[in-house]
Amino acid sequence: MKKHEIVGYNRANLGKTESKALRAEGYVPGVIYGGKSQVHFYAPAILFRQLLTSPEAYEVTLNIEGDEYVGILQDTQFHPVNDQLIHADFLEIVEGKDIKVEVPIRFVGTAPGVQKGGKLIQKMRKLKLRGAVDRIPDFVDVDVAELDLGKTIKVGAVTLDGVEILDGPLLPIASIEIPRSMRGKTAA
């Protein structure tokens, strides 16, 4: 996983009023959980931009007033009108404990159905995985070299060593759509 660092400050007062005041000053309240204790903090909103705009999974080093925690971004909350980040949850990475994370899918190979005029339709962008941090890949490579016109590749066809896939095995990852001009004709 890629690395990112966020420098923040401990929160003295918890609650709605304090959170609103922090957001008005350009900070995002957050919490780190999953370790020995929960840590409530706030950090400048600009530091979250890379985590939110990139499809990759990041291992985040959180420097909260000198105390360092390593975690992954687990959940975010956005304002319903202006899409401003209003809260971030981090799961602390603890040695020997599995984590759940969403990892982007990357296609490998050339699909014969695309060469015949079909269109590759991506149905899933990320896969949910559970495993040790050092076993989680940056991308899940899905081979589409066997996809012909009208065919679909499903989650059950993907295998990863030392990592459990949490998505259902029958969920489609990608398919080859038959163009309208070729529908009804027999493929030779």
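Visitor: Are Phe-41 and Phe-90 buried or exposed?

Guide: This is a predicted model. Both Phe-41 and Phe-90 are buried. The term buried requires a relative accessible area under 20%, and both residues carry that label.

Visitor: Why is Tyr-27 called partly exposed?

Guide: The relative accessible area of Tyr-27 is 23%. Buried means under 20% and exposed means over 50%, with partly exposed in between. Tyr-27, at 23%, is therefore partly exposed.

Visitor: How many aromatic pairs does a search of the whole structure find?

Guide: The search finds four aromatic pairs. One of them joins Tyr-27 and Tyr-42.

Visitor: What makes the pair of Tyr-27 and Tyr-42 edge-to-face?

Guide: The centres lie 5.1 Å apart, and the angle between the planes is 80 degrees. Rings pair if their centres lie within 6.5 Å, and planes over 60 degrees apart count as edge-to-face. Tyr-27 belongs to strand S2 (residues 27-33) and Tyr-42 to strand S3 (residues 39-44), so the pair ties together parts that are 15 residues apart in sequence.

Visitor: Why is the pair of Phe-41 and Phe-90 called tilted?

Guide: For Phe-41 and Phe-90 the distance is 6.0 Å centre to centre, with 45 degrees between the planes. Under 30 degrees would count as stacked and over 60 as edge-to-face, the rest being tilted; an angle of 45 degrees therefore makes this pair tilted. Phe-41 lies in strand S3 and Phe-90 in strand S6 (residues 85-92), so parts 49 residues apart in sequence are tied together.

Visitor: Which residues do ring pairs link into a cluster?

Guide: The cluster consists of Tyr-9, Tyr-27 and Tyr-42.

Visitor: How do you know that strands S1 and S3 pair?

Guide: Pairing requires at least two bridges. S1 and S3 have two bridges, in the antiparallel sense, and therefore pair. Asn-10 stands opposite Phe-41 in S3. Strand S1 (residues 2-10) also pairs with strand S4 (residues 58-64), in the parallel sense over seven bridges. There, Lys-2 has Tyr-58 in S4 as its bridge partner.

Visitor: Why do strands S8 and S11 stand at the edges of their sheet?

Guide: The open sheet has three strands in the order S8-S13-S11, with antiparallel pairing. Strand S8 (119-122) and strand S11 (152-154) each have a single partner strand, so one side of each is left without a neighbour in the sheet.

Key
Residues numbered from 1 in each chain as written. Predicted model: local features only at pLDDT ≥ 70, side-chain atom pairs only at ≥ 80, totals over all residues. Heavy atoms only, no water. Helix = DSSP H or I, 4+ residues; strand = E, 2+ residues; numbered from the N terminus. Buried < 20%, exposed > 50% of the residue type's maximum accessible area, 1.4 Å probe, protein only.
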